[in-house]
Amino acid sequence: MSIRDQACVTGIGETKYTRETTRTQAELTFEAALAAIADAGLEPKDIDGVVPYVMGGVIAEDFITNFGLPDLRYSALTPMGGASSVAALQNAALAVAGGLANHVLITLGRGALSTGRITDRIGQMPQFRVVGEFEMPMGTVAPAQFYAPMARRHMELYGTTSEQLGEIAVTFRKHALLHDNAMMQKPMTLADHQASRMIADPLRLYDCCLESAGAAAVVISRADRARDLRQPPVYIGGVAEGHPDSPSTITQRPDICRIGLAKAAPKAFAMAGVTHQDIDVAEIYDCFTYIVLCQLEDMGFCAKGEGGAFVQGGRIALGGELPVNTHGGLLSQAHIAGMNHIVELTRQLRGQAGARQVANAEVGLVTGYGDLGDGSIAILHR
Amino acid sequence: MNAPNYDKPLPDITALTRPFWDGLREHRLVLQACARCHTVRHYPRPVCDRCYSMESVWVTGSGRGTLHSWTVNHHPFHFAFKRESPFITSTVDLAEGVRMQAPLRDADASQLELGMPVELVFEDMTPELTLPAFRLA
Ligand SMILES: [Zn+2]
């Protein structure tokens with residue numbers, strides 16, 4: 001049995017994205033979830049499956065309590081860091097295709113003050129224990145420092161330049177300016193990127209994503225239950241997750257420039273029955289500029305080493321061959337760990353993206369990336 | 001680990017990994033290897049991913065390797081590394097076929113190239129803790 005087109009995104013919801021908040025992660029999560037349920041034209045009592053964010057501190061029982069869910073019969077977690085949200089699409093699609101649930105709610109919230117900074121959160125994740133023991137004592141303590149050697153090696157092997165990374169940041173900023181729920185509303189030039197301070201060479205400040213507070217949520221419905229809902233259904237054509245060799249440490253990976261998405265992408269394309277030429281818009285997890293470039297290669301949009309050239313010349317900008325991160329991404333919209341990428345792709349495929357709408361967008365993809373290399377991908381279509 | 005004046009992150013050492021840290025304190029690179037197929041592995045773990053043996057031995061490494069990648073840490077992220085920032089962190093392919101990350105001392109980042117030979121040095125941080133570092137060989 002294939003799960004191709006068995007499940008649809010039927011509802012999307014977001015809070016306002018901000019740098020700080022006094023609201024709790026739970027409050028933000030419930031606000032986004034209620035918005036997504038209403039967007040689908042459903043009532044909270046219709047939700048019978050929940051896949052909350054594993055780091056969210058909000059569990060399935062919280063939804064029963066707060067939403068009065070009468071019959072929650074499916075719940076799961078997808079502990080893959082920033083790859084969790086898109087991996088949750090696979091999980092929810094399986095649940096509805098298998099008849100275990102009709103409408104599965106996927107949520108992700110972060111209240112900045114209540115949950116600490118990204119660096120603190122990393123220490124809580126069990127898969128980072130080896131990093132904690134063998135790398136942090138010597139000064140490698142934060143994500144930018146983990147990822148910088150991947151980018152450095154890519155540059156040394158393939159001639160990738162800081163300006164090419166900058167093109168990614170500048171493009172996403174341009175897109176964010178078209179979105180009223182994007183944190184960054186100031187234009188950025190390539191010169192601004194090049195002048196931004198070095199964090200972990202070659203990653204500059206503007207190669208790094210934002211720290212944000214806020215929440216986003218989606219509702220996944222069984223296809224036969226989706227057709228008479230409020231919004232046009234967006235079908236999950238193909239979906240997959242992939243884990244890199246040596247999943248918990250980049251250092252130990254045979255090829256540090258190759259990530260789990262390289263394994264997942266061919267499976268998702270095959271399941272959806274589409275090719276790269278069919279993709280009208282892509283929302284790609286962008287914790288760092290380099291990770292976008294790496295994913296474009298590992299998905300097969302270009303050969304390994306050609307990502308730098310690929311992102312140049314406006315190809316990934318609105319109006320280009322492959323518009324990427326039309327909402328501004330984690331770099332310029334907000335860091336909602338990729339759930340905001342799913343929301344944006346759904347808007348694009350519904351034709352509801354306003355000033356940043358990709359004309360005639362029919363097929364798109366969204367990726368997640370997390371835990372130092374886990375990858376997830378979904379190919380959605382209208 | 002008792003280190004009252006030491007303010008950097010301490011390794012959370014387990015029974016599985018203790019021989020590595022004991023070795024560093026004796027200024028020896030000690031690496032875990034499979035007792036059955038002799039494959040060296042790092043970081044230490046319970047099972048050999050080649051032959052699935054759960055028996056392991058500890059072997060002394062040469063400390064010689066080549067540069068696989070590096071970064072220059074300008075933003076320290078942890079207050080205790082502020083006084084030495086910017087500092088270089090190297091990812092090194094050891095001669096034993098495993099990889100290891102440690103600071104690269106006394107090097108000019110603009111002169112670095114992939115594959116440069118490096119050697120391990122030992123930095124005594126406290127009476128109980130010795131950390132590895134590399135130098136260009
Ligand atoms: Zn073995």
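## Sheet of chain A

In this predicted model, nine strands of chain A make up an open sheet with mixed pairing, in the order β3-β2-β4-β7-β1-β8-β11-β10-β9. Two strands count as paired if DSSP finds at least two bridges between them. Strands (E, at least two residues) and helices (H or I, at least four) are DSSP runs, numbered from the N terminus. The edges of the sheet are β3 (74-75) and β9 (281-283) of chain A, each of which pairs on one side only.

Within this sheet, β8 (residues 234-242) and β11 (residues 374-381) of chain A run antiparallel and are joined by 7 bridges. Gly242(A) has Gly375(A) in β11(A) as its bridge partner.

## Overall form of chain A

Chain A has 15 helices and 11 strands. Its radius of gyration is 19 Å, close to the 21 Å that the globule rule gives for 382 residues, so chain A is as compact as a globular protein of that length. The radius is taken over C-alpha atoms, and the globule rule is 2.2 Å times the number of residues to the power 0.38. Along the principal axes, the C-alpha atoms of chain A fill a box of roughly 55 × 45 × 40 Å.

Residues are numbered from 1 along each chain as its sequence is written, chains are lettered from A and ligands numbered from 1 in the order in which they are written. Local features need pLDDT of at least 70 and side-chain atom pairs count only at pLDDT 80 or more, while totals for chains, interfaces and linings use all residues; side-chain values use heavy atoms, with hydrogens and water left out.

## Overall form and sheet of chain B

Chain B contains 1 helix and 8 strands, in the sequence pattern α-β-β-β-β-β-β-β-β. The radius of gyration of chain B is 16 Å, close to the 14 Å from the globule rule for 137 residues, so chain B is as compact as a globular protein of that length. The box filled by its C-alpha atoms, taken along the principal axes, is roughly 45 × 40 × 25 Å.

An open sheet of 3 strands in chain B has the order β2-β1-β3 and antiparallel pairing. Its edges are β2 (40-41) and β3 (56-60), each with a single partner strand, so one side of each is left without a neighbour in the sheet. Strand β1 (residues 30-34) of chain B pairs with β3(B) in the antiparallel sense over 5 bridges. One of the bridge pairs sets Gln32(B) against Trp58(B) in β3(B).

## Interface of chains A and B

Chain A places 33 residues in contact (heavy atoms within 4.5 Å) with 35 residues of chain B. About 2,900 Å² is buried between the two chains, 58% of it on carbon and sulfur atoms. Buried area is the accessible area (1.4 Å probe) that two parts lose on being put together, summed over both. Glu133(A), Phe134(A) and Met138(A) supply 24% of the area that chain A buries against chain B, more than any other three residues.

The interface holds 18 residue pairs in polar contact, with both residues at pLDDT 80 or more. A polar contact is a pair of N or O atoms within 3.5 Å; within protein, one must be able to donate a hydrogen and the other to accept it, and residues adjacent in sequence count only if both atoms are side-chain atoms. On the side of chain A that touches chain B, α6 (129-134), α7 (143-158) and β5 (198-200) of chain A each supply at least two residues. Helix α7(A) gives the most, with 8 residues. That side divides into 17 nonpolar, 7 polar and 9 charged residues.

## Salt bridges

Over all chains the count is 25 salt bridges (a side-chain nitrogen of Lys or Arg within 4 Å of a carboxyl oxygen of Asp or Glu). Across the interface of chain A and chain B there is 1. Arg129(A) and Asp12(B) form a salt bridge, with 3.3 Å between the closest N and O atoms. This pair runs from helix α6 of chain A to the segment before α1 (18-25) of chain B.

## Backbone geometry

Most residues other than glycine have a negative phi, and most peptide bonds are trans. The bond joining His42(B) and Tyr43(B) is cis, with omega about 0 degrees; Tyr43(B) is in the loop between β2 and β3 of chain B. A cis peptide bond also leads from Ser85(B) to Pro86(B), with omega near -5 degrees. Pro86(B) lies in the loop between β4 (64-73) and β5 (87-94) of chain B.

In chain A, Asp5(A) has a positive phi, near 60 degrees. Asp5(A) is in the segment before β1 (7-14) of that chain.

Key: Nonpolar A, V, L, I, M, F, W, Y, C, P; charged D, E, K, R; others polar.
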